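The following explanation leads through a predicted model. Please consult the sequence and the structure shown here while reading.

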Amino acid sequence: MRRGTTPTIPLVVKADISDWTRFVTFLNGDDKWADVLLDLGNDRQTATLEDGKTTIGVTLTQEETLSFEPGIVYVQVRAVKGATAVATESKPIEVEDVLREGVISE
């Protein structure tokens, strides 16, 4: 992912959580106790079910990707339905810098 862009991040969960309440969390760097940068709910996601796996798509804004420091961002999906809560392993995403800081527009 490159800072200052609007990528759609695909996340595959090996379970049917398509109708659960889901949160996609992004954390910058290796410090697992650092502040969470983004915590996006169902309203910011698409979810499709195929072969028992849920593919979640999350599109980030320019402002959101600019909030990441170059290096590694970790992403994790957590979901809840009734009394059952699940969480995936956190996965690293490489964040590349841009030459000029700031949001771009036409």
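In this predicted model, the lining of the largest pocket draws at least two residues from each of β1, β6 and β8. Strand β1 gives the most to that lining, with 4 residues. The residues that line the pocket are P10, L11, V12, V13, K14, V75, Q76, V77, T88, E89, K91 and I93. Sorted by class, 7 of the lining residues are nonpolar, 2 are polar and 3 are charged. The space in this pocket amounts to about 200 Å³.

The largest nonpolar core comprises 20 residues, and L11, V24, F26, I56, V58, L60 and F68 have the most contacts inside it. At least two residues of this core come from each of β1 (8–13), β2 (21–28), β3 (36–40), β5, β6 (71–81) and β8 (91–95). The strand that gives the most to the core is β6, with 4 residues.

V58 may be followed in more detail. Leaving aside residues up to four places away in sequence, V58 touches P7, T8, I9, L11, V24, F26, L40, R44 and Q45. Among these contacts of V58, L11, V24 and F26 are also listed with the most contacts inside the core.

The strand β5, a contributor to the core, spans residues 53–59 and pairs with β4 (residues 45–50) in the antiparallel sense, over 6 bridges. Within this pairing, I56 of β5 is the bridge partner of A47. The hairpin of β4 and β5 has 2 residues between the strands, and D51 takes a positive phi near 55° there.

Key. Residues numbered from 1 in each chain as written. Predicted model: local features only at pLDDT ≥ 70, side-chain atom pairs only at ≥ 80, totals over all residues. Heavy atoms only, no water. Pairing = 2+ DSSP bridges. Core = buried A, V, L, I, M, F, W, Y, C linked by side-chain atoms within 4.5 Å. Buried < 20%, exposed > 50% of the residue type's maximum accessible area, 1.4 Å probe, protein only. Contact = heavy atoms within 4.5 Å. 1 Å grid on protein atoms, 1.4 Å probe; cavity = no way out; pocket = protein on both sides within 12 Å on 5 of 7 lines; lining within 4 Å. Points joined across faces, edges and corners; volume = space filled by probe spheres on them. Nonpolar A, V, L, I, M, F, W, Y, C, P; charged D, E, K, R; others polar.
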